[in-house]
Amino acid sequence: MGTTGTPTKITQGSQTKGGIGESTLRPDGTLKVTGEFAYSSDMWHEDMLWGQILRSTVAHAEIVSLDTAEALATSGVYAVLTYDDLPTDVKNYGLELQDTPVLAHGKVRHHGEPVALVAADHPETARRAAAKIKVEYRDLPVVTDEASALAPDAVLVHEGRDDEYARIVPHQNIVHRQPIVRGDAAAAAARADVIVTGEYTFGMQDQAFLGPESGLAVPAEDGGVDLYIATQWLHKDLDQIAPVLGLPKDKVRMTLSGVGGAFGGREDISMQIHACLLALRTGKPVKMVYNRFESFFGHVHRHPAKLFYEHGATKDGKLTHMKCRIVLDGGAYASASPAVVGNASSLSVGPYVVDDVDIEAIALYTNNPPCGAMRGFGAVQACFAYEAQMDKLAAKLGMDPVEFRQLNAMEQGTLLPTGQVVDSPAPVAEILRRVKARPLPPERQWESSEGADVRQLPGGLSNTTHGEGVVRGVGYAVGIKNVGFSEGFDDYSTARVRMEVVAGEPVVTVHTAMAEVGQGGVTVHAQIARTELGVTQVTIHPADTRVGSAGSTSASRQTYVTGGAVKNSCEAVREKVLELGRRKFGSYHPAWATAELLLEGGKVVTDGGEVLADLVDVLQDEAVDIELEWRHRPTEAFDLVTGQGNGHVQYSFAAHRAVVEVDTELGLVKVIELACAQDVGKALNPLSVVGQIQGGTTQGLGIAVMEEIVVDPRTAKVKNPSFTDYLIPTILDTPTIPVDVLELADDHAPYGLRGIGEAPTLSSTPAVLAAIRNATGLELNKTPVRPEHLTGT
Amino acid sequence: MRVNFTVNGRPQEADDVWEGESLLYVLRERLGLPGSKNACEQGECGSCTVRLDGVPVCSCLVAAGQAEGREVVTVEGLADFAKQRAEHGGCATGACGTEGTSLQDARRWSARPQDSQTGEGGELAPVQQAFIDAGAVQCGFCTPGLLVAADEMLERNPSPTDADIREALSGNLCRCTGYEKILDAVRLAAARQAELAEGV
């Protein structure tokens with residue numbers, strides 16, 4: 001036992017109740033159902049002020065003049081800040097490239113860019129004062145798509161770039177470009193009996209987490225600031241906040257507040273720096289809370305994309321080659337665009353064996369809203385396109401679409417286009433088999449002796465049909481998502497674990513900086529500690545920057561990486577506890593030296609079950625307290641020309657079958673069922689695993705039939721920044737989502753687990769699209785599918 | 001202006017309320033009851049759902065002044081509200097049709113204090129416990145509004161069909177769960193309620 005041995009081995013017995021593999025309940029559940037759980041927007045401080053941002057009303061313009069006098073003179077206003085008030089030379093921030101101004105400097109590059117800040121004693125006073133700031137803009141031409149971005153005389157969104165990608169991109173309006181070339185796609189195309197091509201358009205999706213961007217900054221006596229905030233990655237925020245404030249990092253103390261969902265949208269800074277600036281300027285605590293309108297401008301979105309694909313296959317159904325070009329719109333600032341490009345290119349072939357590929361992915365700088373991380377991260381857009389291609393190929397070959405996919409499915413040992421070998425289970429054919437084998441929901445379920453139940457029909461209670469014009473379709477899709485940060489990133493996490501005796505009982509405290517955004521990491525950390533340390537009582541310490549970085553709650557990585565860190569630190573604590581035991585009691589029993597020892601039920605026991613000592617007696621008044629970093633296997637950067645490299649650490653696979661009913665006369669879609677099968681490696685908490693899969697599936701459904709931020713192509717202005725005009729699935733739009741969970745261990749990962757949060761968002765969208773195509777016979781190359789696409793009107 | 005109304009059975013008075021303030025703002029920022037959530041503040045998401053004289057409303061769309069003299073129940077008072085309803089022969093027994101809780105009944109109770117740090121000390125309403133048990137809570141931001149709406153539906157309709165549940169909760173957005181476990185939770189609450197009623 002100890003830290004060696006196969007990583008998948010559960011080194012501790014599973015005797016302790018509430019350990020891994022059980023559906024233990026959330027430790028924050030009671031607080032969340034009683035309304036007592038403190039989200040970042042619930043923070044309150046005596047004497048606090050409210051912060052408000054003035055945002056640009058145009059997408060691309062010079063700021064000719066900025067007059068804050070009237071705002072500042074408003075009763076109740078304590079401060080108005082502009083670019084000129086920034087305290088240091090560091091005036092930009094950014095996840096990968098520091099290209100985002102804290103406040104606009106002479107120019108705005110997208111609709112809704114922050115221009116000035118106000119602090120006042122009432123939120124409405126702050127809003128009204130912000131509206132009194134006079135900004136004169138001189139419009140600049142807008143860059144809105146590939147044509148306007150890459151024209152020889154295109155206006156540059158960022159002049160004088162000196163970032164690491166600037167030298168290698170073919171045009172300065174390209175953030176990053178990643179080609180992948182393997183084999184000889186042109187020669188392989190000559191062997192193809194059928195070739196299909198497609199051009200696909202993917203709309204801009206919003207994370208639409210329900211808890212708005214918010215937080216409270218409290219100035220401290222030492223000149224620093226305490227920030228209570230909802231984020232996905234405390235330490236990355238800190239790296240970006242402290243330099244702008246001109247403070248050392250230890251004077252910016254961050255504590256995670258309750259986070260109302262994230263889905264990638266909190267990976268970037270939103271109001272963090274602004275609230276701190278206002279607090280430090282006024283010497284008073286400052287609370288900021290976006291409303292929903294502002295939230296649509298206050299975080300990055302999923303990259304909209306154009307995808308151009310060509311696939312070939314032999315007449316017996318084997319893929320010959322794939323060529324693709326993926327153009328992602330990164331908007332005005334880089335955010336996570338370079339990494340999204342890496343994912344889109346390296347996963348563009350999907351979970352299939354294709355030896356000859358010619359791939360290019362780029363992200364553009366435009367004056368559209370900035371785009372960055374969202375659940376699925378570059379792999380979602382690609383999956384929508386390659387799965388449409390698979391159906392086209394199967395149709396052209398006269399093959400069953402599932403059988404065609406299974407014939408070409410990757411498996412363990414498959415070589416990816418990047419030259420990386422898939423070295424853990426890849427049950428692509430099996431998860432497809434499982435969703436297909438599931439009985440179909442009965443036809444015409446809306447029919448009853450009393451007539452049609454319109455609630456179950458397209459259009460629902462709008463009473464638009466009683467079944468007339470309604471046709472059914474079934475569609476399938478499967479996808480591949482990488483888990484964890486890729487391309488050579490040092491993707492580590494840190495866990496501090498402490499064991500001590502409290503009130504006569506051994507108690508373990510787990511302290512990490514992991515952002516709990518709803519995914520249930522806090523539940524799983526306690527389970528890991530119980531399994532590894534054999535105690536019942538585990539306290540999860542609030543996440544803050546007093547412990548080392550946990551990395552981001554994104555890329556389906558936290559259970560793997562911070563879970564791995566908790567496991568690793570627990571193992572170190574266990575060794576230390578056993579050492580203590582040997583020192584105190586070793587002479588009383590030979591088993592201390594000779595047997596395999598476990599911690600179970602609050603005791604030290606041999607693997608034969610003999611009790612050697614109570615943890616209470618081993619520890620007495622001593623506490624064992626260990627903080628360690630933990631890393632997964634290192635990855636490599638992709639070669640900038642060939643795209644070769646062991647870029648990813650793990651993959652996640654999900655498949656969906658969608659059953660839809662379409663009112664072909666009105667173009668309304670009702671998704672009847674959206675079945676999923678996914679390999680999760682090991683379900684540490686089965687209830688949470690299924691919840692993640694169903695939630696991810698539903699976000700994919702949203703992309704398919706309703707969700708899109710509409711940006712006016714003439715002005716680059718957002719047209720629908722509200723839940724009235726940007727629709728997300730309601731309980732009426734969401735079908736039953738039966739889930740089939742496979743557990744095929746990845747021997748490289750803690751407990752054999754696989755990151756799971758994103759894969760279901762990939763395959764859900766193309767499965768729904770395939771089902772609608774199956775129902776209507778239409779080609780449908782865009783998301784979301786709108787009524788006019790179905791009716792042709 | 002000053003606004004007087006009853007929240008979770010207790011008379012409350014809010015001073016210096018600006019005329020444009022919503023009931024939601026007064027609850028959250030003036031009365032220290034942030035359980036009702038501010039996800040959209042435009043009546044689309046249901047996360048701020050409270051009961052106003054028994055009727056579920058989006059408190060972001062109710063001007064604070066409109067609550068003058070009226071009864072408000074928020075998620076913070078839901079457990080006691082449900083308990084006292086059960087004790088007073090409310091719909092927890094499944095016998096009271098579609099009338100909901102009368103104003104008179106609503107006035108007869110008040111919420112007991114809880115430990116605001118841990119939430120311990122209060123018994124949960126059946127629907128609250130069911131949300132925890134069924135895994136219907138992830139980020140939890142939609143949860144308070146859903147609980148108030150679901151509890152009200154179960155009061156009117158103790159044995160709802162899935163279609164009934166979907167219809168009743170169609171004004172409450174959830175971004176995390178895909179709603180499946182919310183349906184499970186409401187079914188579970190209904191089943192437990194029925195079991196209790198049979199046991200009576």
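Is A:Glu516 buried or exposed, and what is its relative accessibility? At 8% relative accessibility, A:Glu516 counts as buried, where buried means under 20% relative accessible area, exposed over 50% and partly exposed in between (1.4 Å probe, protein chains only).

The model is predicted, so local features need pLDDT of at least 70 and side-chain atom pairs count only at pLDDT 80 or more, whereas totals for chains, interfaces and linings use all residues. Residues are numbered from 1 along each chain as its sequence is written, chains are lettered from A and ligands numbered from 1 in the order in which they are written, and side-chain values use heavy atoms, with hydrogens and water left out.

In one of them, A:Glu516 is paired with A:Arg26 at 2.9 Å, N to O. A:Glu516 is placed in the loop between β22 (505–511) and α13 (521–533) of chain A, and A:Arg26 in the segment before α1 (29–34), so the pair ties together parts that are 490 residues apart in sequence. Helices (H or I, at least four residues) and strands (E, at least two) are DSSP runs, numbered from the N terminus. A:Arg26 is also buried, with a relative accessible area of 15%.

In chain B, a salt bridge joins B:Arg51 and B:Asp151, with the closest N and O atoms 3.9 Å apart. This pair links distant parts of the chain, since B:Arg51 is in strand β3 (residues 49–52) and B:Asp151 in helix α5, 100 residues apart. Both B:Arg51 and B:Asp151 are buried. Elsewhere, salt bridges that share partners connect A:Arg26, A:Asp28, A:Lys32 and A:Glu516 in one network. A further salt bridge is formed by the side chains of A:Arg498 and A:Glu500 (3.0 Å, N to O); A:Arg498 is partly exposed, at 28% relative accessibility.

The interface of the two chains was examined next. In total, 66 residues of chain A are in contact with 56 residues of chain B, contact meaning heavy atoms within 4.5 Å. About 4800 Å² is buried between chain B and chain A, 58% of it on carbon and sulfur atoms; buried area is the accessible area (1.4 Å probe) that two parts lose on being put together, summed over both. On the side of chain B, the most area is lost to chain A by B:Gln138, B:Arg166 and B:Arg175, together 17% of what that side buries. Six salt bridges are found across this interface. A:Arg455 and B:Asp164 form a salt bridge, their closest N and O atoms being 3.2 Å apart. The elements of chain B that give two or more residues to the side touching chain A are α1 (23–30), α4 (126–133), α5 (143–156), α6 (162–168) and α7 (180–199).

A:Ala262, in the loop between β13 (252–256) and α7 (272–282), is buried, with a relative accessible area of 1%. Apart from neighbours within four places in sequence, A:Ala262 is in contact with A:Gln207, A:Phe209, A:Gln232 and A:Val517. The C-alpha atoms of A:Ala262 and A:Gln207 are separated by 7.0 Å, although these residues are 55 residues apart along the chain. A:Ile168, in the loop between α4 (146–150) and β9 (174–182) of chain A, is partly exposed, with a relative accessible area of 39%.

Terms used. Salt bridge = Lys/Arg side-chain N within 4 Å of Asp/Glu carboxyl O.
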